[in-house]
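Please read them with the structure open.

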Amino acid sequence: MHDSKLPHPIKGKKIYFVGIKGTGMSALAELFHKAGAIISGSDTEEIFYTDSILKQLGIKYKEGFNESNLDDNYDLVIHSSAYSKETNPDIKEAVNRKLPLMEYTEALGAYSKNIPSCGIAGVHGKTTTTGITGTLLKEMDLPVSVLAGSAISNFGGKSTFVSGTDFFIAETCEYKRHFLSFFPDIMIITSIEPDHLDYFKDYNDIFSAFLSYAEKLPENGILIYCKDDKGADLLGDVIAEKRKDIKLIPYGIEAEGLFKIENIKQCSGITIFNIAGIKKELSLQIPGVHNVLNSAAAIAAAVYINSSITGNSVEEVLEKESTNIAAGLKNYKGSKRRSEFLGTVSGITFMDDYAHHPTAIETTLSGIKSFFPGKRIILDFMSHTYSRTNALMEEFSNSFGNADIVIINKIYASAREKSNNFGDLNRIFFNKITENHDRVFYYHEPDDAEDFIKKELKEGDLFITMGAGDNWKLGVKLYNYYKQLESREKPGADRRIK
């Protein structure tokens with residue numbers, strides 16, 4: 001941790017981001033850029049989806065880390081938590097030059113100190129919930145700033161939406177208790193269960209982190225929590241005993257009150273449902289009951305933020321904004337790598353999803369199965385981190401039931417895991433999955449599976465890449481292949497060599 005402070009206001013300040021291509025880092029760079037700061041930075045030469053976002057914004061950055069990247073003309077250096085002065089030459093140079101230095105989570109938290117804020121947390125669903133919350137507030141035409149952990153279609157393909165600074169809404173991460181740097185007035189907890197087991201010892205350890213976060217709420221702070229999730233529900237019970245001054249807002253199918261979910265109907269290409277406090281029927285064009293839960297959380301947050309800004313009661317906001325809420329949900333197109341629809345070509349639907357925890361895999365596949373009835377699902381999965389794969393092996397083996405064919409790639413090692421201490425975990429993992437699934441295939445590298453997938457795919461199929469690794473590139477490659485194939489096969493297509 002560092003002792004530096006975030007300049008306020010940041011307009012006109014020169015800020016350098018080390019690791020600028022990271023999802024959170026690029027989003028914060030985007031937010032500060034829109035606030036008038038002069039942004040630059042550095043990262044590895046590897047291409048990420050954030051490259052295109054940064055280039056669209058006109059933010060310049062260096063490919064590769066080098067002490068020559070920095071000079072004395074920076075008001076602040078912000079670095080990703082993945083890097084330190086011991087291993088990164090840019091950070092080391094910032095320290096040598098005595099430049100003000102902050103870690104990403106510190107900078108995000110410092111920004112939240114200056115504006116009434118809402119922190120959105122949970123093992124699953126936080127990015128989608130943040131995206132929907134921002135979309136609803138945008139529909140309500142409120143002066144807010146929103147930061148999500150991925151590109152949101154409704155934010156113009158960017159990670160942030162900025163229309164003012166009356167309220168700040170941000171996705172906040174539990175890993176290494178990073179969210180404890182944030183200062184929320186309103187908080188959403190979507191889910192709590194074991195994850196990041198390279199850092200957390202067990203479920204009790206991760207629960208204690210969420211509890212510490214919830215206890216950061218000020219007097220009269222608002223905790224919005226999922227009644228359907230055992231961990232989040234328990235947190236609500238514990239906070240109710242410990243902090244009588246916090247307002248508790250449950251949401252979900254099991255909840256009582258304004259944000260109880262009712263009458264869910266999953267149809268082809270649409271999910272219809274009701275929320276107790278809204279008379280209108282609501283609909284979503286992204287798959288899964290889990291996204292109905294995320295929508296209920298977003299509605300609750302948007303309504304309370306609206307109430308805080310306008311001074312209207314929650315009931316008045318629900319009545320006045322029901323049309324905007326319905327429109328925002330119906331028009332929500334999703335986010336990058338969260339049930340992302342790449343397109344349909346040659347009768348084959350291509351999707352990509354970030355799900356890398358067994359619960360997320362199971363709920364996402366179940367939602368897709370209901371959303372696209374009758375389609376055969378072919379899944380390419382790349383597990384993320386040796387520690388998670390090893391610790392949740394049994395849960396993983398039971399999570400692929402809704403896929404017709406499962407392709408397993410090598411485990412994607414995290415930068416925070418220096419080595420694999422679990423033996424031949426790729427083989428062990430593959431064998432474990434085969435215990436509960438008839439058609440499982442192993443291809444070490446995603447591209448190794450290309451020929452097999454081309455032989456398997458047929459009209460009416462759905463192909464999805466899933467995981468927090470880089471196998472998403474295979475999905476894009478296959479989609480483009482079939483797109484070119486389809487264009488060549490169209491009657492009257494120009495087949496001349498160009």
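1. Tyrosine 203 and phenylalanine 207 both lie in helix 6 (residues 203-214), and because they are four residues apart there, about one helical turn separates them. Keep in mind that this is a predicted model.

2. The rings of tyrosine 203 and phenylalanine 207 form a tilted aromatic pair, with 6.0 Å from centre to centre and 35 degrees between the planes.

3. Tyrosine 203 has 27% relative accessibility and so counts as partly exposed. Phenylalanine 207, with a relative accessible area of 10%, is buried; the cut-off for buried is under 20%.

4. Another pair is made by phenylalanine 350 and tyrosine 479. Their ring centres are 5.8 Å apart and their planes stand at 65 degrees, so this pair is edge-to-face. It links distant parts of the chain: phenylalanine 350 belongs to strand 17 and tyrosine 479 to helix 16 (residues 472-489), 129 residues apart. Phenylalanine 350 is buried, at 0% relative accessibility. Tyrosine 479 is also classed as buried, at 14%.

5. Ring pairs also join residues into a cluster, made up of Phe17, Phe32, Tyr111, Phe168 and Phe182.

6. Six strands form an open sheet in the order 16-17-21-18-19-20, and their pairing is mixed. Strand 16 (340-345) and strand 20 (440-442) are at the edges; each has a single partner strand, so one side of each lacks a neighbour in the sheet. On average, neighbouring strands are turned by 15 degrees against each other, direction ignored.

7. How do strand 16 and strand 17 run relative to each other, parallel or antiparallel? Strand 16 and strand 17 (residues 348-353) run antiparallel and are joined by five bridges. Valine 345 stands opposite isoleucine 348 of strand 17.

8. Helix 14 (residues 425-434) packs on this sheet, where it touches strand 18 (376-382), strand 19 (405-408) and strand 20. The direction of helix 14 makes about 165 degrees with that of strand 20.

Conventions: Residues are numbered from 1 along each chain as its sequence is written. This is a predicted model: local features need pLDDT of at least 70, side-chain atom pairs count only at pLDDT 80 or more; totals for chains, interfaces and linings use all residues. Side-chain values use heavy atoms; hydrogens and water are left out. Two strands pair if DSSP finds at least two bridges between them. Helices (H or I, at least four residues) and strands (E, at least two) are DSSP runs, numbered from the N terminus. Axes are lines fitted to C-alpha atoms, for helices over the stretch in contact, and angles run from 0 to 180 degrees between N-to-C directions. Contact means heavy atoms within 4.5 Å. Rings of Phe, Tyr and Trp (its six-membered ring) pair if their centres lie within 6.5 Å; planes under 30 degrees apart count as stacked, over 60 as edge-to-face and the rest as tilted. Buried means under 20% relative accessible area, exposed over 50%, partly exposed in between (1.4 Å probe, protein chains only).
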